[in-house]
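Please keep the sequence and the coordinates at hand while reading.

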Amino acid sequence: WKKIEMETLCAGLVGVMIAASIYLILDRNLIRFIFGLILASNAINLLIFTVGRLDSQHPPLIPNPATAVQGPFANALPQALILTAIVIGFALLSFVFVLFYRAYQELGTVDTELMRIAETDTNDPLPASTLKSGDST
């Protein structure tokens, strides 16, 4: 067995996750779209983490008595970016779930084609009995 580096393995995993998320996002089912969106955000977080180099031999911060970097060190910025992305992703996910629930409540389906048909049915003009007597439309 050849030793596969962790970065190569993570890059392959990111590719598989992105491919699976695109497949799920392009489906007509809204639930699969949401799962694809979650998978894509996790793949991007893993990509940012991998780009920051996975190295356990070097400390992430400068030692306390030193005033400058003495040798190679791990970059802590990707972890901070991922933490921010997780918070933003959670807010987006909460919004998408509420939007999904409201759309299902109004239209009664999770199929996007049927949603489009149901939406056009609900946008019919008002019946003549609801118009004011002075309107002639």
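Which residues of H1 are buried? In this predicted model, the buried residues of H1 are Cys-10, Val-14, Met-17, Ser-21 and Leu-24, and the sections below place them in the context of the chain.

## Overall architecture

The protein chain contains four helices and zero strands, and its elements, read from the N terminus on, follow the order α-α-α-α. Of its 137 residues, 17% count as buried. When the contacts with a separation of 6 or more are considered, 54% of them are accounted for by residues 24 or more positions apart.

## Helix H1 and its buried face

Helix H1 covers residues 6-25, which is 20 residues, and from its first C-alpha to its last it reaches 28 Å, close to the 28 Å expected at 1.5 Å a residue. The buried residues, namely Cys-10, Val-14, Met-17, Ser-21 and Leu-24, fall within an arc of 95° when H1 is seen down its axis, so they line one face of the helix. As background, an α-helix has 3.6 residues a turn, so residues three or four places apart point the same way.

On the other side of H1, Thr-8, Val-16 and Tyr-23 are exposed, whereas the cover over the buried residues of H1 includes H2.

Ser-21 gives a detailed view of helix H1, in which this residue is found. With a relative accessible area of 2%, Ser-21 is buried, because buried means under 20% relative accessible area. Apart from residues up to four places away in sequence, Ser-21 touches Gly-36, Leu-39 and Ala-40.

## The packing of H2 and H3

Two packed helices are described by the angle between their axes and the distance between the axes. Helix H2 (residues 30-51) packs with helix H3 (residues 77-107) at an angle of about 175°, and their axes are 9 Å apart. That angle makes H2 roughly antiparallel to H3, because angles over 145 degrees are counted in this way.

On the H2 side, the contact is made by Leu-30, Ile-31, Ile-34, Leu-37, Ile-38, Asn-45, Ile-48 and Phe-49; on the H3 side, the contributing residues include Pro-78, Gln-79, Leu-81, Ile-82, Val-96 and Phe-100. By residue class, the contact of H2 with H3 divides into 17 nonpolar residues, two polar and no charged.

## Helix H3 and what follows

H3 has 31 residues and reaches 44 Å from its first C-alpha to its last, which is close to the 45 Å expected at 1.5 Å a residue. Its buried residues are Pro-78, Ile-82, Val-96 and Phe-100, and what covers them includes H2. After H3 comes Gly-108, whose phi is positive, near 75°.

Where is Arg-28 found? Arg-28 lies in the loop between H1 and H2, and with a relative accessible area of 46% it is partly exposed, because that term covers values between the 20% and 50% limits.

Leaving aside neighbours within four places in sequence, Arg-28 is in contact with Val-110, Asp-111, Thr-112 and Glu-113. For one of these, Thr-112, the C-alpha to C-alpha distance from Arg-28 is 5.4 Å, although the two residues are 84 residues apart in sequence.

How values were computed
Residues are numbered from 1 along each chain as its sequence is written. This is a predicted model: local features need pLDDT of at least 70, side-chain atom pairs count only at pLDDT 80 or more; totals for chains, interfaces and linings use all residues. Side-chain values use heavy atoms; hydrogens and water are left out. Axes are lines fitted to C-alpha atoms, for helices over the stretch in contact, and angles run from 0 to 180 degrees between N-to-C directions. Helices (H or I, at least four residues) and strands (E, at least two) are DSSP runs, numbered from the N terminus. Angles under 35 degrees count as roughly parallel, over 145 as roughly antiparallel, 65 to 115 as roughly perpendicular and the rest as oblique. Contact means heavy atoms within 4.5 Å. Ala, Val, Leu, Ile, Met, Phe, Trp, Tyr, Cys and Pro count as nonpolar, Asp, Glu, Lys and Arg as charged, and the others, Gly among them, as polar. The expected span of a helix is 1.5 Å times one less than its number of residues. Buried means under 20% relative accessible area, exposed over 50%, partly exposed in between (1.4 Å probe, protein chains only). The arc is that of the directions from the helix axis to the C-beta atoms.
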